[in-house]
Amino acid sequence: MTVLRLSSITKRFGPLVANDAISLDLARGEVVALLGENGAGKTTLMNILFGHYVADEGTVEAFGKELPPGDPRAALDAGIGMVHQHFTLADNMTVLENIALGTEPLFAPRFRREAARQKIRKLSADFGLEVHPDSLVSALTVGERQRVEILKALYRDARILILDEPTAVLTPLETDALFATLRKLVAEGLSIIFISHKLNEVMAISDRVIVLRAGKVAGERRTADTDRKALAALMVGQDLVSPPVAPAVTGPALLVMEHVSTPRRGTGIALSDVTLSLHSGEITGVAGVSGNGQAALAGLLSGLETPQSGSMTVQGHGPDGWSPVAALEAGIARIPEDRHAVGAIADMSVMENVISERYRTPRFSKHGFMDWKAARNFAEEIIRDYDVKCPGPDARIRLLSGGNMQKLILGRALDPEPVIILANQPTRGLDVGAIAYVHGRLLEARARGAAVLLISEDLDEILTLADRIVVISGGRLSAPSARGERTVRELGELMAGHAEAAHAP
Amino acid sequence: MRLEPKPAPTLAVTLLYPVAAVAATVVIASLLVLIAGANPFSVFGLVLKGAAGSQFALMETLTRATPLVFTGLAVAVAFRAKLWNIGAEAQLYAGAILTVVLGTGALPLPAIILLPLMAIFAALAGAMLLLGPAVLKVRFGVDEVVTTLLLNFVMILFVSMLLEGVLKDPTGLGWPQSQKLIAEARLPRIVTGRRLHCGFVLALLSAIAVWIVMKKTTLGYEMRAVGHNPEAARFSGMPVNRILLKTALISGGLAALGGFSEVAGLKGNLTLDLSPGFGYSGIVVAMLAMLNPLGVIVAAIFVAGIFVGADAMSRTAGVPSYIANVMVATALLTMVTAIMLTRYQVRWR
Amino acid sequence: MSEAFDILFQTTFWVAAIRIASPLIFATMGELICERAGVLNLGIEGIMVAGAFAGWFTVYSGGDLWAGVLVAAATGAAFGLLHSTLTVPLGLSQHVVGIGVTLLATSLTYFTYRLALPEVTSPPKIEAFQPLPIPFLSDIPLVGPALFAQTPLTYLAFITVAIVAWVLYRTPLGLAVRAAGENPSAVEAQGISVTAIRMGAVMVGSALMAVGGAFLTMSAFNSFFFEMVNGRGWICIALVVFGSWRPGKALLGAILFAAFDAYQVRLQQVTGGVVPYQLFLMLPYLLSILALVLVARRATYPKALMVPYQKGER
């Protein structure tokens, strides 16, 4: 029995066709994986299904009835529940309040807390979604928050559950628990759309796979009849070739941290007793689940954060007066995690953005006066050398695609030939071409002797690029391991916070 | 409804938006005139005549525009860095106080030395006054909107206290007013027999100076960067807090120069009604100018024209002169809407 | 200095404190609702002016007192509609629009006043709300007259606090309002329109601000004059921060503030002109700034305050 049918959905954003005549149907008790690279159109499609966007063409039918476009309420009422990649929870409210939000008539004189509590308890117990209904959401771990998101859907008696990249924020163990819950739900007759770009997870959980590429359906396979390699080929549109990574030529240590701890900031995880050295000609990969101290580590290298205790030396110098300017002067290039909020000033031009780290140098200003001509030449140089597609130096950054924005940031950071490079999530949200480009540039820098610190939540990226791998968990770093020394499983254990000492003889 | 960013429009189109905003304002004001039982065409005819109908009218308008250029610049500079200075009114009075303190005979100096000295100290007073809220903002995270607003009320009480106390004019027959400035402390008139004074020239020069700072200097670049995205600015190594404090000094100083110019150029002494809301009108001027320092000159003359014209009109047509305040407020709202429409496309689906 | 201390035990002092607090309570609740939904409403000062005039003018034109309150509320809601249309779906700067609404509401009020009453020299008076002592309760010493011998509008102020607190914490609507100010996408994901919630909150909040203004002309005084609001709106914005966006704490803040205000007036008389009276008048404003400084460090703002929201954006 078909519970959901999308018929030739098309959605354009200006000149970009995000979804091009996509059709999809879902049967009762079935798990369909929607597989595709970032930018393939998965999230757009789900936003249309859920009524956040209105499709330019095509229809959505749930349980035989067509849903009115642009109405999330209708989707909810039809029994569709969505677990967004970025959680949609209000931190100032309890689990119960978040779940019950919008389920009762808005103008009811009071909200029936006890009834809601009972129902949540029962759902938690039935599906292994343990979370306390009266906890404040701000106090929950990422895994718990995701459970709340699933409970939100179940509380509304959802029959169709859409999960958008649900494992991106989970440890391997949490992922296993999530899959167990999903299997229980399917056994109850729910249908699931599982959006992912991770092949092994898609193989593990789905009955059927629909592959999207550049906004189109690139292929559809029964999971039982296909394998990772075939799916990867469909996803990328060609046979997947790993970039050849030459063996590292390790040089001297350029940055050394010994027993470094950073001060706590709000709810963030600080570094505690971190020892790490970055060597010339080597890429050091930091693997870990998001929110385990990566921000503090990146902040420290960026100059935004100073060590509270322990020592840090950059090319032999101490971090006296450590600041973003000091970091830049010490030859550290920084590629920030959030290129929109931190990496670029969206409403300023390309020209004004590329000089933001060096506008005080004599090349771009003299006696407090800007040399805009030099800035313009530099911007044109970066646009040319880093293959940035944009109208010109005067274009506002806001109008650039994610990939082009990242190339610009890369250009800004790498042009002065830095000796140390901090790359924090450098490829998140980019398409395949842009990812390959970024990886290529990082390897190039390594080849000319730079020390690279690559922080990534994508373990595959770390395994591909990193010469040495450390795992970050709870603000602590594991001992480093050389390329291929630890198995994925061992790394997963470390990411989950299981100390290695337990296994050691 | 969705808003989607669109490429920067051409200069011609950009200029079209303020015109559209003003047109919308006139239409709305016309409705009020109709309610008041008058004919909009004749009323706006009178406003225009009162603002620019004669050499005298034009001079009056420029005289009235002078303090608005200063407060408009103060707001434009601050808003560029997203420092919400709503306290130009108080800073203007701070400048006026220093002008009176130094200009009523305390310093027996020739005009050529005395006037610049007064201007500098007036500007410093305004700068210091805004530095307070700016420090509270960067140190404690206190919203500067509320603090600068509240300081306006504190300042007018402070002025009242001075005028009934140490600055009181002994010959003032009990009126709260200060002594007159000495002759050396008065800014000369531009045309004899007209009220327009050299403060207007100082305003024009200030606008050009601010334009150069914003466009050509590293500080201007930093201020714009901090205004657009303080987090990215900090990441780039810009000393965000220091930049905000510098912005506050410049902004407060400019507003205070308006007080200096009003006292030394026009009034000759300090009274409690020195500013009929120049600080607040400065916000409108800055927004109408889209925060462009040179645009501030045009916008200030426009706003001044509305006030001067409406005054003249209300004497003959019987429509309350508050129509000018209504128009200025409406222009502010239509203008921010228009600015948004230059940057974003409204899509209904 | 014992005279200064004795003031605290005067019945008239506490009666005055509660009377001074009443308009602040209305307007603070109004601002609190707006900010809880994620919108800073700097139109407050002008909306209070407009409410003060609208309520007074209704009664002056022959309307009933309560009709005056309703007209004031409707006037406030209308300005709230203007504010929220510009700030919510259009996402314009809440600072600039708020100032604009204040300037517009104030100037429109003055314009209308001059239009309706062109000739008057001294402001005309109306028959304002009279104290309505509650039997027995008003006989309690000190507290009785202060809390239970006020005008009906003061009672309404206290009832408003209870209603706002109930709605915010006990009803489905309150959940939606609080979520809209914290993470609007949580509201959208549950099928409720963020735009509707925010616009509704701003309109209701603005209506309360206007009633706060009307209290001045219809209960505290009995006529309308220019500049009578005199920064009370801005003080209410400080009170919301001081009250950590909670109705109960904000109420307490308003009463504390009003008590202080009533106290400084009396202290002026006690000190008998040695200290310039302007210094006393400055104190409430300086106190508001001080209060902001004290709480700013540990204030937990609604996270989406002043952040415009677009559908489908996360």
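**View 1. Where chain C meets chain B.** Chain C brings 39 residues to this contact, and chain B brings 39 residues too; two residues count as touching if their C-beta atoms, placed from the backbone, lie within 7 Å. This is a predicted model, in which local features need pLDDT of at least 70, side-chain atom pairs count only at pLDDT 80 or more, and totals for chains, interfaces and linings use all residues. Residues are numbered from 1 along each chain as its sequence is written, with chains lettered from A and ligands numbered from 1 in the order in which they are written.

**View 2. The chain C side of that contact.** Helices H5 (94–116), H11 (232–242) and H13 (277–296) of chain C each give two or more residues to the side touching chain B. H5(C) gives the most, with 13 residues. Helices (H or I, at least four residues) and strands (E, at least two) are DSSP runs, numbered from the N terminus.

**View 3. An open sheet in chain A.** Six strands line up as S6-S7-S8-S3-S9-S10 (chain A), with mixed pairing; strands pair if DSSP finds at least two bridges between them. At the edges sit S6 (80–83) and S10 (216–222) of chain A, each pairing on one side only.

**View 4. S7 beside S8 in chain A.** S7 (residues 160–164) and S8 (residues 191–196) of chain A run parallel, paired over 5 bridges. Look for Leu161(A) opposite Ile192(A) in S8(A).

**View 5. A helix on the sheet.** Helix H5 (residues 142–155) of chain A packs on the sheet and touches S6 and S7 of chain A. Its direction makes about 170° with that of S6(A); axes are lines fitted to C-alpha atoms, for helices over the stretch in contact, and angles run from 0 to 180 degrees between N-to-C directions.
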